[in-house]
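User: I have a model open and would like to know what stands behind the terms used to describe it. Could you take me through them?

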Amino acid sequence: MTVTGGSRELTVPMLARVEGEGGMHVVVQDGRAVDVQLRIFEPPRFFEGFLRGRSYLEPPDLTARICGICPVAYQFSACLAIEDACGVEVPEELRLLRRLLYCGEWIESHALHVFMLHLPDLLGYDGAIEMAADHRGVVESALRMKRAGNELMTVVGGRSVHPVNVRVGGFHRLPEPTELRALRPMLAAALDEALAAVPLLARQDYPDLEQPHLYVALDAGHGYPLESGAALQTSSGLRVPVAAFGTHVVEHQVGHSNALQGRFDGHPYLVGPLARYSLHHAALSPVAREAAAAAGLAPTCRNPFRSILVRLVELVFALDEALRIVDAWEGAPVAAVAVEPRAAEGHGATEAPRGLLYHRYRIDADGTILAAQIVPPTAQNQPAIESDLRSVVEGHLDLDDEALTRVCETAIRTYDPCISCATHFLRLTVDRR
Amino acid sequence: MAMGGRTVTVAGRAAGADPAAAEEVGRDRRPTLAVWKFASCDGCQLTLLNCEAELLALADRVRVAYFPEATRAAVAGPYDLSLVEGSITTAEDAERIQQVRAQSRILVTLGACATAGGIQALRNLADVAELAAAAYPRPDRLAFLARSTPIASHVTVDHELHGCPIDRGQLLEVVAAVLQGRAPRIPSGSVCTECKRRGTVCVAVADGLPCLGPVTRAGCGAICPAHHRGCYGCFGPQDTPNGRSLASLLGAAGMAPTDVVRAFRTFNAGAEPFRTATGPALPTSVPDAAGGRP
Ligand code: SF4
Ligand code: SF4
């Protein structure tokens with residue numbers, strides 16, 4: 001730390017335990033946070049550029065490589081957009097199998113974030129490995145839950161990072177009902193462990209903060225939003241067809257970031273667990289709603305610090321839902337339906353663990369991609385995260401730099417920002433003047 | 001230190017660096033592990049966290065000195081083992097990898113990005129400015145190199161793990177081998193040998209599916225053919241690939257020439273045997289009056 005003249009500058013180590021490479025910069029002047037920037041350093045990889053000229057059958061495999069934490073989200077948003085362009089809807093059995101694979105991704109990602117990335121902040125550790133020295137049982141339990149998600153993805157998808165079994169129109173191979181049934185004991189045990197973790201998380205202290213952001217989530221029309229949906233629902237009461245996403249959301253490129261930032265009708269907005277939960281609490285399964293009540297959550301949650309509780313509820317839900325699908329699965333008539341190309345544009349959106357993920361493709365009559373657009377959750381959330389940081393900084397100006405930095409880091413991590421998606425280490429700088 | 005300009009960040013990142021923690025490490029006899037990220041999707045480093053059954057036992061044997069995705073603790077180098085994910089796509093990263101190498105006793109690269117440039121190396125075959133304009137309204141505000149290059153083009157690499165993503169078993173093997181001071185046992189040969197071993201009926205012969213298995217490095221356990229699809233080459237070229245002859249076989253089997261080119265130009269497009277298997281470049285730039293974004 002150096003003190004020069006009237007201005008005070010502080011550089012603290014990078015913020016860790018987020019997916020991707022970025023930083024934060026805060027300027028404090030006369031008790032006001034005059035500038036708050038979430039900086040994204042993650043080098044651009046130009047997916048939207050090189051997708052042009054590729055085949056309409058390739059985006060599920062290609063866009064999966066945008067993010068190793070949520071490849072299934074990319075695969076399914078891509079499938080839906082292309083199927084939409086080609087005028088195809090997959091049969092109900094295949095939709096359910098997609099939902100099952102997606103549950104695997106939610107389980108893996110939420111177990112990782114809740115217990116290994118976020119919980120160390122609450123219990124005062126640098127990370128899960130350090131936390132394991134005193135709380136080995138908690139970390140072992142988290143690893144078992146995470147493993148249940150990965151096993152599910154391996155059985156349905158072929159592997160957990162970048163599953164190989166997904167294709168436009170469905171799957172390459174259908175899992176046998178016996179293979180899915182064999183997952184039952186592991187999923188049931190993980191559900192018990194997730195429920196058992198509720199009291200530990202419920203008794204932690206969460207800073208007070210109520211944020212007014214517009215919430216946006218998919219409206220599935222068939223339960224809690226996940227693998228598909230034709231419309232978006234907002235907390236202001238709008239219902240927007242997915243195809244109209246682009247008329248409401250405009251992306252801006254800001255100088256401090258290699259990612260584009262999205263605004264909904266001009267306003268910062270929030271996608272992800274808080275939005276899904278608050279808009280679709282009624283669609284949760286009874287066991288997930290009970291877990292929410294036991295965690296002390298009302299049907300709406302506007303405190304980003306409590307998002308860890310919401311993620312835990314969604315973890316419970318995903319395990320419960322996976323069990324439901326596994327128990328009912330009797331196979332499907334075909335592994336995939338034929339999807340013939342035509343000159344058209346298609347839109348697709350699904351709920352990645354971190355929130356709404358939108359894809360749009362324009363293809364020509366022989367299936368060559370002419371244009372592609374991908375809007376990941378973190379790009380949409382960035383303005384809202386910055387606005388929350390401003391509130392957090394201004395609410396904690398009495399803290400010294402180190403403590404303030406900790407609070408800001410925690411605030412950023414509550415969003416589980418995926419910077420690999422948005423275009424990974426965060427570096428936090430606080431500049432007090 | 002001044003407010004976090006990018007230069008500062010690079011130095012800060014590579015230096016890792018908490019002197020108090022460094023002193024503590026002096027008393028800690030465990031070998032140190034560092035995990036570094038360059039342009040990538042995080043999928044390869046996630047593979048380390050996905051070793052659920054082994055992670056805590058591993059953490060007892062090695063000191064996780066630098067792994068920002070998992071911990072905010074950062075111990076200064078040197079490190080006994082550095083795992084490097086991602087490719088070099090910016091001038092800063094080209095500098096940072098030199099600092100990583102200088103601080104690492106053994107350096108192991110993870111995955112198609114680090115070993116071949118990754119899917120982002122598709123830019124090497126295209127007009128990068130035009131690609132950037134398709135994704136960003138103001139590409140002039142971005143800093144990037146025209147080519148995505150593997151780590152071994154910049155520094156000496158001790159071991160390479162292939163795959164997009166890497167195989168968990170291979171990762172554990174290479175870490176165990178480095179700790180035991182022996183050479184890692186990584187299979188050579190093609191995906192075909194793994195299909196034979198697991199008893200998968202050849203999807204190319206039996207079902208006529210296009211398959212890159214004959215030219216692709218073994219290691220995944222031949223997952224795709226077991227899921228009734230041809231291998232799409234995510235482990236990159238095997239040691240003695242005959243890409244050109246497979247390309248002509250695929251063509252003879254009825255695959256359209258553009259699709260043959262596309263098949264070789266994915267996550268390992270930057271690997272020489274795949275890049276040259278099909279001759280001229282893929283027409284990534286479709287003339288489009290509307291420009292990039294739809
Ligand atoms: S090689 Fe593939 S899985 Fe590994 S970081 Fe690169 S894109 Fe991700
Ligand atoms: S079969 Fe080929 S494409 Fe499939 S996982 Fe193995 S190496 Fe990758």
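Analyst: Happy to; below we go from confidence to a sheet, a ligand site and a helix pair. This is a predicted model, where local features need pLDDT of at least 70, side-chain atom pairs count only at pLDDT 80 or more, and totals for chains, interfaces and linings use all residues. Residues are numbered from 1 along each chain as its sequence is written, while chains are lettered from A and ligands numbered from 1 in the order in which they are written.

User: What is the mean pLDDT of chain A, and what share of its residues reach 70 or more?

Analyst: pLDDT is the predictor's confidence in each residue, from 0 to 100. For chain A the mean is 88, and 88% of residues reach 70 or more. Residues 1-15 of chain A fall below 50, although this stretch has 36 contacts beyond near neighbours in sequence (a contact means C-beta atoms, placed from the backbone, within 7 Å). Where pLDDT is low, the predicted coordinates should not be read in detail.

User: What makes S7 and S8 of chain A a pair?

Analyst: Strands are DSSP runs of E with at least two residues, and helices are runs of H or I with at least four, numbered from the N terminus. Two strands pair if DSSP finds at least two bridges between them. S7 (residues 214-219) and S8 (residues 231-234) of chain A have four bridges, in the antiparallel sense, so they pair by that definition. One bridge joins Leu218(A) to Leu232(A).

User: Why are S9 and S12 of chain A called edge strands?

Analyst: The open sheet has the order S9-S8-S7-S12 in chain A, with mixed pairing. S9 (239-241) and S12 (269-270) of chain A each have a single partner strand, so one side of each lacks a neighbour in the sheet.

User: Why is the site of ligand 1 called shared?

Analyst: A residue is near a molecule if its C-beta atom, placed from the backbone, lies within 6 Å of it. Ligand 1 is surrounded by 16 residues, with Cys41(B), Gly43(B), Gly111(B), Cys113(B) and Cys164(B) the closest. Its surrounding residues come from chains A and B, so the site is shared between chains. The largest share of the shell, three residues, is from H6(B).

User: Which residues make the contact between H12(B) and H13(B)?

Analyst: The axes of H12 (residues 243-252) and H13 (residues 257-264) of chain B come within 9 Å. Gly243(B), Ala247(B), Leu250(B) and Gly251(B) of H12(B) meet Pro257(B), Val260(B), Ala263(B) and Phe264(B) of H13(B).

Technical notes:
Two residues are in contact if their C-beta atoms, placed from the backbone, lie within 7 Å. Axes are lines fitted to C-alpha atoms, for helices over the stretch in contact, and angles run from 0 to 180 degrees between N-to-C directions.
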